[in-house]
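Let's take a walk through this structure together, one site at a time. Please have the sequence and the 3D view open beside you.

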Amino acid sequence: MNWLPPALSTYAADIDRIFYVILVITGIIFVAVEVTLIVFMIKYRGREGRKAYYIEGNTKAEVIWTVTPAIIVLALAFASQDVWSRLKNPDRFPSDALTFSVEAKQFEWNFTYPGIDGVLGNGDDFTIRNQLHLPVGQPVVVHTSSIDVIHSFFIPVFRIKQDIVPGMVIPVWFEATETGEFELACAELCGLGHYRMRARVFVHSQEDFASWMAEQS
Ligand SMILES: [Cu+2]
């Protein structure tokens, strides 16, 4: 059973594992709560001669239903901490990554590539709208920024989603494990054109990416 889009980045499987753990825990609790609710509705329904009675509260029950979720949430936080920091902590980003930047605006993505010298901020940089080209099997860091409102950089197949906040440059990284053409979508309602704020992600083989980069430069 696979409910999620294909997992095509190096850390996608770790994200999915956490997702399914949370889904199972919340799923069991959801079913237990709903079943109890329905059973109680039937068992204690209004009937001839039965009098409703009033309860002041139950400290023991309240402690249990507060402490149990707290323990589950803390356990999940510890269990996911390593994956989280591997994704989000810039100190742990792969050091051999290719660096791009993207500027989000209502309602498009402008990707700036480092050009043939591989360094951003030099004369041979070039910018392409709504197309992210990258090589397979190579870590990529994208410096995200916005010139207007909050957007969100979301590539489902890579399992990366990062809010882009005006005034901040936030780096994200990923390494694609398969070539192909995928979707990037803005995941933060950013205005009337939000629905069409998307880009194509092209994952090339290393050779194809090199020749594409040479062609563009
Ligand atoms: Cu947007």
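The paragraphs below visit a metal site, then some salt bridges, and then a surface patch.

First, some ground rules. This is a predicted model, in which local features need pLDDT of at least 70 and side-chain atom pairs count only at pLDDT 80 or more, while totals for chains, interfaces and linings use all residues. Residues are numbered from 1 along each chain as its sequence is written, and side-chain values use heavy atoms, with hydrogens and water left out.

Let's begin at the copper ion. Its ligands are His 151 through ND1, Cys 186 and Cys 190 through SG, and Met 197 through SD, at 2.1 to 2.4 Å. Donors here are N, O and S atoms within 2.8 Å of the metal (3.2 Å for Na, K and Ca), and water is not among the atoms, so sites may look incomplete. The angles among the four donor atoms run from 91 to 122°, and the site is tetrahedral; for four donors, that label requires all angles to lie between 85 and 135 degrees. For reference, the ideal angle for four tetrahedral donors is 109.5 degrees.

Along the sequence, the donor residues follow the spacing H-x34-C-x3-C-x6-M. The pair of His 151 and Cys 190 links distant parts of the chain, 39 residues apart: His 151 belongs to strand β6 (residues 151-155), and Cys 190 to the loop between β9 (180-186) and β10 (198-204). Helices (H or I, at least four residues) and strands (E, at least two) are DSSP runs, numbered from the N terminus.

The cut-offs are under 20% relative accessible area for buried and over 50% for exposed, with partly exposed in between (1.4 Å probe, protein chains only). As for disulfides (a pair of cysteine sulfur atoms within 2.5 Å), a search of the whole structure finds zero.

Now to the charged side chains. Side chains of opposite charge can pair when their charged atoms come close. How many salt bridges does the whole structure hold? The search finds eight, each being a side-chain nitrogen of Lys or Arg within 4 Å of a carboxyl oxygen of Asp or Glu.

One of them joins Arg 86 and Asp 14, at 2.6 Å from N to O. Arg 86 is partly exposed at 25%, whereas Asp 14 counts as buried at 19%.

Another salt bridge, also 2.6 Å from N to O, connects Arg 159 with Asp 16. Here Arg 159 sits in the loop between β6 and β7 (160-164) and Asp 16 in helix α1, 143 residues apart. Arg 159 is buried at 12% relative accessibility, and Asp 16 is buried at 12%.

Our last stop is the surface. Phe 30, Val 31, Val 35, Val 39, Phe 40 and Tyr 44 make a nonpolar patch of about 600 Å². Patches are made of residues with over 30% relative accessible area and no salt bridge, with like charges joined within 9 Å and nonpolar side chains (Val, Leu, Ile, Met, Phe, Trp, Tyr) within 5 Å; accessible areas come from the Shrake-Rupley method with a 1.4 Å probe, and for residues only the protein chains shown count as cover. Val 31 lies in helix α1 (residues 12-43) and is partly exposed, at 48%.

Note on methods: Four donors count as tetrahedral if all angles lie between 85 and 135 degrees; four count as square planar and six as octahedral if opposite donors are over 155 degrees apart and all others between 65 and 115; anything else is irregular.
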